[in-house]
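This report looks at a predicted protein model, moving from its charged pairs to its metal site and then to the chain as a whole.

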Amino acid sequence: MEEAIEHLETGREDYGLIVFESRGSSKTLVRAVIELSKRAAVIVCGTDERVVSDFNGSEMPVVFLPLDSVQDDLSKTVKSLELSGKIPLFQESESEYLGIRADLLPTLGVLQADVFMLILDGRYVPIFKKGDRITEADVRHFLEKVPGQTFYFRKSECGEVLQSRIQRLESALQEIPINTAKVEQVITENFGIVRDVVSQIGFTPEAQRVAVNSVLLTIKMLGASPKLKSILSDLKESGGGYIPSHSIYLGKVACALAHKVGWRSQSTYFKLSLAAFLHDISLKEDRLAEVSNLEQFEKSGSGLPEEIREIRVHPARSAEYARQFQEIPSEVEQIVAQHHERPDGSGFPRGLVVRYFTPLSALFVIAQDLIEYGNTANELTFEHFFEEKGLEYNVGIFRKLARAIQTDTTLI
Ligand SMILES: [Fe+2]
Ligand SMILES: [Fe+2]
């Protein structure tokens, strides 16, 4: 509250509406804020209406809202103030804003852009300023009042936010010795932010840079000889949700398999890791990324028709994002588009049979199968895995890869 008073005393902004919480503040402080608000309308959210009693019947538009009804009544109150002409209409076009998941905000460090909340259709209220640092407690505080998982940036400021992610990666890298867990966490957070940006405004050049830098760093940390065994033993989700950690983990497993079959160039690792980063990026919900057998999922009745459709189209949609990248090999797009196809033609969305798989797509599918097997089997053994997949893998490029992987016993 003291900060708000200082800001109103020294700031030059002209506000149309000021909303604040009075809980825990004295009547004198509340009074000071209201008086300093000049011509702005004021909504005081609190537990004791007496804090605004001095302003009853005054010219100033001062409204009290009990804290427990803020969620239901704040937007109605704003609307009625607008309709009565006491505050200007500040409806802005939704297309100017970009939603970002609440849990990502504390990972942003010092904010490079103002953060807004949507309190009513088209009404965005700034709640954090450029230069602030948001804590998890801050986010919880706001979500208690207006539940929902989304905060907003102006699209025009999105470049600065992404730029700060690249700096964050660079500074995590400069620590000596490199703190691997921390770097991985930054990469996972980057995934989350890139996903939110891409789903709303596509792969901007800055979003591409964050994705490419994150992928290059993952490869760098894998080293020249990625060891499948140690990667697989690291299987557990590393925070940040299923899709981010799964996508980064899949890249590592695919690179380790590529190493086993003798494809050991940096460009192969890059294609596989970038494809892994992108493959499920168009899915909104983690739960949907865990479905590998769409037919079974459909029959189980556990998905809504629109969810089934979303799963069915996500390989093509994610491939579409891959196409927006400048200067990436077309194989990345193919791997992404084919990641749910199966060698026997039972996959989706196209039901391609084995001869249509590129070698890297086939390897990518095996990497996914191996992860799925690792998630369900009690003890992971290569022999058992290939025994299980024996028939299905006994065709074309899958047979060649399965043999090569099993022949090389040096790294598992
Ligand atoms: Fe996936
Ligand atoms: Fe997928």
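Is Glu307 buried or exposed? With a relative accessible area of 10%, Glu307 counts as buried, where buried means under 20% relative accessible area, exposed over 50% and partly exposed in between (1.4 Å probe, protein chains only).

Residues are numbered from 1 along each chain as its sequence is written, chains are lettered from A and ligands numbered from 1 in the order in which they are written, and side-chain values use heavy atoms, with hydrogens and water left out.

The structure holds 21 salt bridges, each defined as a side-chain nitrogen of Lys or Arg within 4 Å of a carboxyl oxygen of Asp or Glu.

| Pair | N to O distance |
|---|---|
| Glu307 and Arg287 | 2.4 Å |
| Arg31 and Glu35 | 3.0 Å |
| Glu295 and Lys299 | 3.4 Å |

Glu295 and Lys299 both belong to helix α12 (residues 294-300), four residues apart, which is about one turn of the helix; helices are DSSP runs of H or I with at least four residues, and strands are runs of E with at least two, numbered from the N terminus. Lys299 is exposed, at 68% relative accessibility. Salt bridges with shared partners also join Lys27, Arg31, Glu35 and Asp54 into one network.

At the metal site, the iron ion (ligand 1) has His246 (NE2), His279 (NE2) and Asp280 (OD) as its protein donors, at 2.1 to 2.3 Å. Donors are N, O and S atoms within 2.8 Å of the metal (3.2 Å for Na, K and Ca), and since water is not among the atoms, sites may look incomplete. A separation of 3.7 Å lies between this ion and the iron ion (ligand 2), and Asp280 coordinates both. Both His246 and His279 are buried.

Taken as a whole, the protein chain comprises 17 helices and seven strands, and 49% of its 412 residues are buried. Its C-alpha atoms fill a box of roughly 85 × 50 × 40 Å along the principal axes.

Definitions and conventions: Predicted model: local features only at pLDDT ≥ 70, side-chain atom pairs only at ≥ 80, totals over all residues.
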